[in-house]
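Biologist: Please take a close look at one part of this model. I want the make-up of a ligand site, with the cut-offs.

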Amino acid sequence: MAQAQPTETVHPAQALLRVENLRKYYPKRSGLLQRVTGAVKAVDGVDFTIGEGETLGLVGESGCGKSTISSMIVGLNSPTGGSIHFDGLDITNLKRQHNGKLCRELQIVFQDPYSSLNPRMTIFETVAEPLVIHEGLAGTALRDRVMTLLAQVGLRDEHAGRYPSQFSGGQRQRIGIARALALNPRLIVLDEPVSALDVSIQAQILNLLKKLQRDLGLSYLFISHNLSVVRYMATRIAVMYLGRIVEVADRETLFAQPAHPYTRALLSSIPSDDPFVRVLGDRIKLAGDAPSPAAPPPGCPFHVRCFQAQPNCAVQVPDLTPRGTPAREVACHYPLTVSPKQQ
Ligand SMILES: Nc1ncnc2c1ncn2[C@@H]1O[C@H](COP(=O)(O)OP(=O)(O)O)[C@@H](O)[C@H]1O
Ligand code: SF4
Ligand SMILES: [Mg+2]
């Protein structure tokens, strides 16, 4: 496979986070004895950067590898290959708990606010824990900092003594955000942070995240299977399919002129009454489910569902390559809306 080009709008030297050729292969087991018979290529050669203060959106169907990427970035999962650099430091195989800078500056908010909080800890204890462990705070200084954090996420002082079970999903997600903010992070990985919440609550949490980003200069990796939510949050968007990024572009370009047939199909699947999105042209229905990363098709991984496929798509793997004006990167032999001259 040819080397992918560095990612577009953020120069690698300025990137707060730089992910290169990142891979995660899980052992594929089969038969009665559960012998290893191959590999599940959950993430298969992913490159992207995130600049200081930027939100990169990562979008794709369930099972395409988004959470595997987020867990590798925050050190909960070790990569099979490739590299992750944070603020110029190679953190690919660094144990996070042994590095104070990483513990402080790189945080994650998980999808499920019901299982990500310890039910036996009060809200005060939950938010205070990282401050006690990493900053050695105690007494009034600790109390003041926790109350400031609770106020920043829209919770009140009297919430501090309660337990997670006494809160709604949206409030629990606020608590998770307060905990993630405790050590003044620079980058927060938000892995489907509103997907488990009622639609009516989602906008409140998204707006809170936007406000916190403005006030604190945070960078976000914002992950969702929902393209309209990603569009609301991210200035630049990477579209994933079966363990790979198939298109990266700034938000306006991606929505006005999607170049990858999969991006085009995702866009047309957004309901026409969606408040965030202008729907483009005819609807394109994707045929069938995404193939399994345990048995990816040869050639372009999208060819079995692609309305644009040609015979060589079943043979040749397309690499993510810079294409056209405005600039974007596309992994497709026959991209849409990119004229031959631009290619
Ligand atoms: N521990 C594991 N062992 C084997 N396969 C896994 C494991 N974790 C995830 N996978 C597989 O990796 C693929 C990507 O999963 P995931 O990263 O959770 O996707 P997403 O977050 O986009 O829904 C899926 O096919 C999933 O079944
Ligand atoms: S390479 Fe071929 S099959 Fe793959 S997305 Fe492009 S046109 Fe479709
Ligand atoms: Mg996930």
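How do the residues of the shell around ligand 1 divide into nonpolar, polar and charged?

Modeller: First, the ground rules. This is a predicted model, where local features need pLDDT of at least 70, side-chain atom pairs count only at pLDDT 80 or more, and totals for chains, interfaces and linings use all residues. Residues are numbered from 1 along each chain as its sequence is written, while chains are lettered from A and ligands numbered from 1 in the order in which they are written.

The shell splits into 5 nonpolar, 6 polar and 1 charged residues. Here Ala, Val, Leu, Ile, Met, Phe, Trp, Tyr, Cys and Pro count as nonpolar, Asp, Glu, Lys and Arg as charged, and the others, Gly among them, as polar. A shell residue has its C-beta atom, placed from the backbone, within 6 Å of the ligand. Among those around ligand 1 are Tyr 26, Val 40, Cys 64, Lys 66 and Pro 293. β2 (35-51) and α1 (66-73) each supply at least two shell residues. α1 gives the most, with 3. Helices (H or I, at least four residues) and strands (E, at least two) are DSSP runs, numbered from the N terminus.

Next, strand β3 (residues 55-59). It is largely enclosed by the rest of the structure, because 5 of its 5 residues are buried. Buried means 20 or more other C-beta atoms within 10 Å of the residue's own, all placed from the backbone. Thr 55, Gly 57 and Val 59 point one way; Leu 56 and Leu 58 point the other way. β3 runs parallel to β8 (residues 219-224), joined by 5 bridges. There, Val 59 partners Ser 224. β3 also pairs in the parallel sense with β9 (residues 236-241), over 4 bridges. Gly 57 stands opposite Ile 237 in β9. Pairing requires at least two DSSP bridges between the strands.

Technical notes: Buried ≥ 20, exposed ≤ 12 C-beta atoms within 10 Å, placed from the backbone.
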